[in-house]
Amino acid sequence: MSAREAMEAKIEELGLVPVVVLENAEDAAPLAKALCEGGLPVAEVTFRTAAAQESIRRMSEAYPDMLVGAGTVLSIEQVDKAVEAGAKFIVSPGFDPEVVDYCLEKEIPVFPGLITPSELAQAAKRGLRVVKFFPAEQFGGVSTIKALAAPYVGMKFMPTGGISAKNLKDYLSCKSIVACGGSWMVKGDMIKAGEFEKIKELTAEAVALAKEIRG
């Protein structure tokens with residue numbers, strides 16, 4: 001099993017990927033602790049803030065077994081920064097051939113975002129088997145994913161965008177979905193307020209819900 005396949009299997013086992021926006025790297029380790037203790041040792045730290053790289057470093061160093069990845073990666077430069085900081089996987093909001101090919105060349109697990117059959121064809125051509133579907137709710141949600149999956153047998157999806165505890169069952173009940181990305185258990189205002197115990201509780205609830213849905 002390759003590193004990418006092992007990563008995909010672990011993410012599918014967890015069923016959820018918290019999408020994290022950190023404004024202050026000081027919050028990284030406490031957040032990682034809350035997620036791990038809540039039963040979800042994975043995080044997609046978005047490169048939307050200046051604190052992203054240092055946050056990934058701190059989370060990875062404090063919890064080396066945690067699957068810490070970088071999200072909203074828009075360039076090769078960001079790929080290098082994320083991996084140097086300890087990121088174990090890369091997620092991009094759209095399908096950027098340059099970023100995808102660079103990750104594949106370096107054997108870095110990558111989950112590019114897409115919403116169309118043409119983009120999915122490009123992913124399949126490169127041997128990818130798990131892709132991000134973003135923004136999920138705005139582009140038809142589960143029904144669109146099922147339609148895309150039909151001609152691309154074996155392709156799996158990691159939808160993000162508009163997913164919460166309210167519609168998680170709709171998504172995780174679909175066999176073509178490995179995991180759902182979401183931020184409802186790691187909202188920015190809770191992080192800023194230092195409400196890590198609350199984050200731990202919401203994470204544990206999300207994990208229990210995912211297990212209940214998948215049996």
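Author: A pocket here is an open set of grid points with protein on both sides within 12 Å along at least five of seven lines, and a lining residue has an atom within 4 Å of one of those points. The model is predicted. In it, 15 residues line the largest pocket, and Val-19, Arg-48, Phe-134, Thr-160 and Gly-161 lie nearest the centre. The space inside comes to about 190 Å³. Sorted by class, the lining has seven polar, five nonpolar and three charged residues.

Most peptide bonds are trans. The bond from Phe-134 to Pro-135, however, is cis, with omega near -10 degrees. Pro-135 sits in the loop between strand S6 (130–133) and helix H7 (141–149).

A second backbone feature concerns phi. Most residues other than glycine have a negative phi. Thr-72 is not a glycine, yet its phi is positive, about 50 degrees. Thr-72 is found in the loop between strand S3 (67–71) and H4.

H4 leads on to a helix pair. H4 (residues 76–85) packs against H5 (residues 97–105) at an angle of about 40 degrees, and their axes are 9 Å apart. H4 is therefore oblique to H5, because angles under 35 degrees count as roughly parallel and those from 65 to 115 as roughly perpendicular. On the H4 side the contact involves Ile-76, Val-79 and Asp-80, and on the H5 side Glu-98, Val-99, Tyr-102 and Cys-103. Five of the contact residues are nonpolar, two are charged and none is polar.

Charged pairs occur too: the structure holds 11 salt bridges. Among them is Glu-26 with Arg-58, whose closest N and O atoms are 3.2 Å apart. This pair links distant parts of the chain, 32 residues apart, with Glu-26 in the loop between strand S1 (16–20) and helix H2 (28–37) and Arg-58 in helix H3 (residues 52–62).

Notes: Residues are numbered from 1 along each chain as its sequence is written. This is a predicted model: local features need pLDDT of at least 70, side-chain atom pairs count only at pLDDT 80 or more; totals for chains, interfaces and linings use all residues. Side-chain values use heavy atoms; hydrogens and water are left out. On a 1 Å grid over the protein atoms alone, a cavity is a set of points where a 1.4 Å probe fits but cannot get out, and a pocket is an open set with protein on both sides within 12 Å along at least five of seven lines; lining residues have an atom within 4 Å of a point. Grid points are joined across faces, edges and corners, and a volume is the space filled by probe spheres set on the points. Ala, Val, Leu, Ile, Met, Phe, Trp, Tyr, Cys and Pro count as nonpolar, Asp, Glu, Lys and Arg as charged, and the others, Gly among them, as polar. Axes are lines fitted to C-alpha atoms, for helices over the stretch in contact, and angles run from 0 to 180 degrees between N-to-C directions. Helices (H or I, at least four residues) and strands (E, at least two) are DSSP runs, numbered from the N terminus. Angles under 35 degrees count as roughly parallel, over 145 as roughly antiparallel, 65 to 115 as roughly perpendicular and the rest as oblique. Contact means heavy atoms within 4.5 Å. A salt bridge is a side-chain nitrogen of Lys or Arg within 4 Å of a carboxyl oxygen of Asp or Glu.
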